[in-house]
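Could you walk me through this model in my viewer, one selection at a time? I would like to know what to pick next and what I will find there.

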Amino acid sequence: MNSNITHDYIREFLWEMEPKDEGLIRELEVEAEETDVPIIPLEVKSFLTTVLEIKRPKRILEIGTAIGYSAIVMSQYLADSGKIDTIERNPKMLVRAEENIKKAGREQCIRIHEGSAEDILPQLEGPYDFIFIDAAKGQYHLFFEYSKKLIAEQGIIMADNVLHKGMVAKNRYSIPRRQRTIHKRMRNFLWDMLYDEDYKSSLLPIGDGVAICYKKS
Ligand SMILES: C[S@@+](CC[C@H](N)C(=O)[O-])C[C@H]1O[C@@H](n2cnc3c(N)ncnc32)[C@H](O)[C@@H]1O
């Protein structure tokens, strides 16, 4: 599939090079592909887990659980007795996420919050050492505002799909009218993130575009 973010041959090379998981993680990758659930691609998983290996967070917040794939992956990099809070609003996804988290034996460390992130985020208490934003692209600006309230000093906020198939990098008038609101909102989010003096941030053309930002102390 053409990502519109980087050349296909580069992407294919990265995919071929990356070590592959086995067991449940691999089963979930197959499940996601067969049922058309968008989970983080291999190169994003690799970057995410490298950051987590360095950080070893005690508390992680995820916005967008889907079938629980990234939550299960991230749970392998928690500090001792670390916990993940993950938010999902789609009832079908919730059922599958619960099943998968149970299958992975991670019920003790992954808590799913059922409902819209817009409703749940104001109820959560920080600080979180790592926040992963991977939900409705039109709301990233809002999710980022809440994340800034919840992130710890020296914490990391990471957001997936920020280039939205390359569309975000294009001129507003060259994309379909129905996509322009997301385009504008995502650009506003990226602008705020990159120019916020409390953070050191970077934008990476991997997967569908990844943003990473570090809360300076
Ligand atoms: C890209 S998928 C998440 C994939 C998952 N992080 C992974 O890589 O395994 C996005 C998920 O976010 C959920 N979602 C989107 N907007 C949401 C919102 N405002 N509140 C809660 N969940 C949301 C969708 O239902 C969907 O399951």
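Here is a short tour of surface patches, ring pairs and one loop glycine.

Before you start selecting, keep in mind that this is a predicted model.

**Stop 1: a charged patch**

Select R172, R177, K184 and R185, and show their side chains. These four residues gather on the surface as a patch of positive charge. Now centre the view on R177, which sits in the loop between β5 (151–160) and α8 (180–195). Is R177 buried or exposed? Its relative accessibility is 68%, so R177 counts as exposed, the cut-off for that class being over 50%.

**Stop 2: a nonpolar patch**

Next, select W191, L194, Y195 and L203. Together they form a nonpolar patch on the surface, with about 430 Å² of accessible area. Which element gives the patch its largest share? That is α8, which contributes three residues. L203, for its part, lies in strand β6, residues 199–204. With a relative accessibility of 31%, L203 counts as partly exposed, because that class lies between 20% and 50%.

**Stop 3: ring pairs**

Switch to the aromatic side chains: the structure holds five aromatic pairs. One of them joins Y140 and F189 in an edge-to-face arrangement, 5.7 Å from centre to centre with 90° between the planes. Y140 belongs to helix α7 (residues 140–150) and F189 to helix α8, so this pair ties together parts that are 49 residues apart in sequence. Both Y140 and F189 are buried.

For another geometry, go back to W191 and Y195 from the nonpolar patch. How are their rings arranged? The ring centres are 4.4 Å apart and the planes meet at 25°, so the W191 and Y195 pair is stacked. Both residues lie in helix α8, four residues apart, which is about one turn of the helix. W191 and Y195 are both exposed, whereas Y140 and F189 are buried.

To finish this stop, select Y140, F143, F144, F189 and Y199 together. Ring pairs link these five residues into a cluster.

**Stop 4: a loop glycine**

Is G166 buried or exposed? At 9% relative accessibility, G166 counts as buried, since the cut-off for that class is under 20%. G166 and T6 are 160 residues apart along the chain, and their C-alpha atoms are separated by 8.9 Å.

Definitions and conventions: Residues numbered from 1 in each chain as written. Predicted model: local features only at pLDDT ≥ 70, side-chain atom pairs only at ≥ 80, totals over all residues. Heavy atoms only, no water. Patch = residues over 30% accessible without salt bridge, like charges linked within 9 Å, V, L, I, M, F, W, Y side chains within 5 Å. Areas by Shrake-Rupley, 256 points an atom, 1.4 Å probe, with all protein chains shown as cover. Lys, Arg positive; Asp, Glu negative; His and termini not counted. Charge placed at Lys NZ, Arg CZ, Asp CG, Glu CD. Helix = DSSP H or I, 4+ residues; strand = E, 2+ residues; numbered from the N terminus. Buried < 20%, exposed > 50% of the residue type's maximum accessible area, 1.4 Å probe, protein only. Phe/Tyr/Trp six-rings, centres within 6.5 Å; stacked < 30°, edge-to-face > 60°.
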